[in-house]
Amino acid sequence: MGLDLLSLGSQGVLTAQRQLNTTGHNISNVNTEGYSRQSVEQKTNDVHFWGGNNYGTGVHAAAIRRNYDKFAVNELNVSTSNLSHAAARNEQLGRLDDMMAHSAKKIPENMNEFYGAVKGLADSPSDMGARKVVLEKARMVAAGMNDVYGVLQQQSIDTSSQIDATVKRMNDIGQELVDVHKAMLKTPAEANDLLDRHDKLIRELSEYTQVSVNTREDGLFNVIIGSGHMLVSGMNSSELTTLPGKPDHQERRLALVEGKTVKAISNQDIRGKLGALFEYRDDTLGQARDELGRMAIGFSQSLNDLQGQGFDLNGEVGKNIFTDYNSDRIASARAIKSGDSTADLKVYIDDLQQLKRGDYQLKFDGTQYTLTSPDGKQSTVTPSGTPPSFNVDGMRVQVDAGLAANERVLIRPARSAAGQMRVTMDDPADIAAQSYVSASSVSNGDGDVRILQAGGQKEFQVRLSPDGSQFAVTDPKGQVLVAPQAYPPGGPIDVNGTIIEVNDKAAPDDVLAVSLIPADGDNSNLIRMQELQTEKLMDNGRSTVLDVYEGLSTDLGVQKASYKRLQDVSMVEHDAAESRVAEVSGVNLDEEAANMMKFQRAYMAASRIMTAANETFDSLLNATR
Amino acid sequence: MISRIASFHNYQSVSNDIMRQNVKVQDNQEQMATGKRVITSGDDPVSSIYIQNFRQQDEQIDQFIDSITLARNRQTREEIAIDESEQIMDGAKRKVMAMINGSLSVEDRTAHRQDLQGMFDNFMDLVNTKDESGNFLFSGTQTSTQPFYRDSQGNVRYAGDSYFRTAQVAPAVEVPTSDPGDKLFMEIDNPFGDYQPEYDLEDGSLLLMAKAENTNDADTSNYSVSFDVNANGDTTYSLMQDGTEVSAGLYDPQNGVEWNTLKMTFEGEMKPGDTINLERQDSFNIFDSFKKGAALSYADIDDASATAELHQVTEQFAAAFKHLNKARSEVGTRLTTLDRQESMHKDFKLVLNRSLGTMEDLDYTQAAIDMNEDMLALQASQQAFAKTKDLSLFNYI
């Protein structure tokens, strides 16, 4: 008995010691991230049966338990992934939003200043100083466009390298997880601290992507990312990598190396920070660049077009002010194809009104071309004519050399336009201030005359009948040159060698006076240029060029605001999940202090039992002396 | 069950809360510092689209106001030039009328002629006025070409064109800012209708043509009418078309002479043998009037034809005066349009700024209250943390 009492006491002491140890471990790790509180599970020893009775034989520490709630942790992982996605999107869009409100705002400001300069020049069209100002403002518009495009381009590149860095970290995590798994196999009992490390790694991984973890039969785990791609399976980890995009090799795609094969992963469903990076690069930055590009094209094309319909100070037909967006070089750069492609496409922009943003995908299955619009609509197209071409959304796609079977080509009408914008005019005298259609016109409608070919007839007037159903061409004195015919005309009209085209927007009784005699004091073309400021050139007549900027800035603002709200919501969810996990797994110092005192007492009491046993043993010895 | 508070998490969530509160206070401060409620589109996307639209309109209005200022400058300059030429017309008319005065000697006429010549030179100078940047005011859109010049015969020719410049002063309002010189000085409606009379009068005749009109624009023949007295002492007329007599009869002073679409009226006393030749001319130019006035001043004071033609010249100067007056009032109308447009723009700008203010500007009272609230909350959580941070069971063991 006495001997039993001693061992009972010593076991009590040992158990209390373990408790104190664990409490100490808890207190020491109070600030360790990812640490789960541990507690010692005490059990009574097996009973001693003696004389028909069961005698208790003391206590022992059965196990060190890790306080852990699998569901709370899963929830925390999911909410971490959501939060980091929303936070990353909010941060990216916030950056763009800020740029649109501050540095990029100089684009519309420059455009307005350009129009202001044109207004100034309209007052004295032959003034070289005023002409220089107009050209200088045009340069500022182009420079502003190029700057912002450059920033967006740089962000796209930065995002790509951020993606690479993130992928590298994710691979490291995968490797670390495998190491943890290996260590776990070597540990015979519950590897509490290893499990903490495992969870911490999973937590970090879920910042980058959506993660789910399954327990395997051997006690190890499968770690699945995105919509079902195995990153770690027990002792093996796959490697994530990025592949050059197809057909745009700059848009690197995510891929998973499984053994010797490389499998591309859809960027969708990745979620987390990595998903946000892809969304930013492919959607947001693409949208911003497309919209700026549309502005650049709308602004340049409409001004270049007017230049071609008038005379400059030297009495010559006006030259382009800006880059010609329908030059062959730019037209063929709009079609993005793989490096080894033999296809030769040129994409010309014929109608600004219909120009949309986004990517068009052209696919050839060997017999038939299929075009997928940015909104996902598919249609079959057949290039026809010589050279073969087809029209879509204001673009004329000329197929000089067809696609190979099963080849895909991306068509991006406006993506790089803001970066390509340059002022190609260097002599201010080249600004065409005089329009062919002079200010002497009486116009209630939007009638316009285009000169297709200048000929012998230098001055004439297109006159509409009082009911607007007919028109005639006369000379300035009223002598009829082209007899009355139905309006609108069916095609080009020959006025004594000068070939003209009349649009269908003239109102009854309008007189469109055309003069092909250069006049250095005429400002009619400058007036028409000013009108571009408020003319709804884009989006089927719904937006001015400047409206496109406002639309973009507002759209980014809306996205930013909604991701901000989403971030707030995710933050609340994340905080709640975190406190649930903390409730179970976190260390409370007061509790540990209480435990410490408790186990100290237990230790002292148990050691007192040992003393008692010793004294009992002593008195027994003394009794036999 | 009493939930446990994890110490580490507790500190972290307190620090998170304080940080969030800090961000709010900083946002408040930024708003207060800029005075703007909406700084980027993300702050309030709905207001932002309006704000951007308002700003754009505001900018456009400013540009229109600038255009108006420039246009007004042009118009005022033109108005002055027209006003001055009006004065010259008036003076020239007086001079020519003075020449008609029969009591004048030849020397007097010479003096008047010299005056008239001087006025002509002034006038030539005026119509070739340049603006501040050296562009001719009245050459239409050929602003670097001198519009009026005298050829070897002393005739004035126009080298400009018939077009003009405009300024856009509102989205749908264009105002002309110049007038071509030919319209102003060379295409003045003929005060005698459609014909220019050329007199061949007997001495002492006081016959003058009042008006000769022909409603048939296609009729370009020359006419001449001569008067005579028949046996009864009644005045008769004979109308010749291109040298052939087409009509003759008694002259009725009430109705004048009428034939087909041609209608002529006369005034003054005629003498038998008076002939007036009519040349089709719908409009005349001032320069010819000057030239003619000067040429006629060489004629003898008693030359009835010359006197009649001097009368004609005074009529032309009077018509030119009226014509220029009309042109000046047109310029005046344009100036009024500019003023009206400008005040409309300014009114609109005011309204715009008011709306912009409601959309964009910060309500300082509200912002100050918000800021105080947020600061109070921040302070409270800081103090609460400071108070509770020392609470620990470890202090007691």
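Author: A:Asn406 sits in the loop between β19 (395-401) and β20 of chain A, where helices (H or I, at least four residues) and strands (E, at least two) are DSSP runs numbered from the N terminus. Its phi is near 65°, a positive value in a residue other than glycine. With a relative accessibility of 56%, A:Asn406 counts as exposed; the cut-offs are under 20% relative accessible area for buried, over 50% for exposed and partly exposed in between, with a 1.4 Å probe and protein chains only.

This is a predicted model, in which local features need pLDDT of at least 70 and side-chain atom pairs count only at pLDDT 80 or more, while totals for chains, interfaces and linings use all residues. Residues are numbered from 1 along each chain as its sequence is written, chains are lettered from A and ligands numbered from 1 in the order in which they are written, and side-chain values use heavy atoms, leaving out hydrogens and water.

Next comes the loop between β20 (407-411) and α8 (417-420), which holds A:Arg412. A:Arg412 forms a salt bridge with A:Glu251, with 3.3 Å between the closest N and O atoms; the term requires a side-chain nitrogen of Lys or Arg within 4 Å of a carboxyl oxygen of Asp or Glu. The partner A:Glu251 is in the loop between β9 (239-243) and β10 (253-258), 161 residues apart from A:Arg412. A:Arg412 counts as buried, at 6% relative accessibility.

A:Arg415 meets A:Asp290 in a salt bridge at 2.8 Å, N to O. A:Arg415 is in the loop between β20 and α8 and A:Asp290 in helix α6 (residues 272-307), so this pair ties together parts that are 125 residues apart in sequence. Both A:Arg415 and A:Asp290 are buried. Through shared partners, salt bridges join A:Arg412, A:Arg415, A:Glu251, A:Asp290, A:Asp248 and A:Asp359 into one network.

The whole structure has 59 salt bridges over all chains. One of them pairs A:Glu204 with A:Arg169 at 2.7 Å, N to O. This pair joins helix α5 (residues 192-208), which carries A:Glu204, to helix α4 (residues 128-186), which carries A:Arg169, across 35 residues. A:Glu204 is partly exposed at 22% relative accessibility, and A:Arg169 is partly exposed at 23%.

Other loops also have backbone features. A:Asp509 has a positive phi, near 70°, and lies in the loop between β27 (498-502) and β28 (511-515); its relative accessible area of 45% makes it partly exposed. A cis peptide bond with omega of about -15° joins A:Thr386 and A:Pro387, and A:Pro387 belongs to the loop between β17 (378-381) and β18 (389-392). A cis peptide bond also joins A:Tyr487 and A:Pro488, with omega of about -5°; A:Pro488 is in the loop between β25 (480-486) and β26 (493-495).

As for the chain as a whole, chain A has 11 helices and 28 strands. Its radius of gyration is 39 Å, well over the 25 Å that the globule rule gives for 625 residues, so chain A is more spread out than a compact globule. That radius is taken over C-alpha atoms, and the rule is 2.2 Å times the number of residues to the power 0.38. Along the principal axes, the C-alpha atoms fill a box of roughly 155 × 55 × 45 Å. Buried residues make up 49% of the 625 residues.
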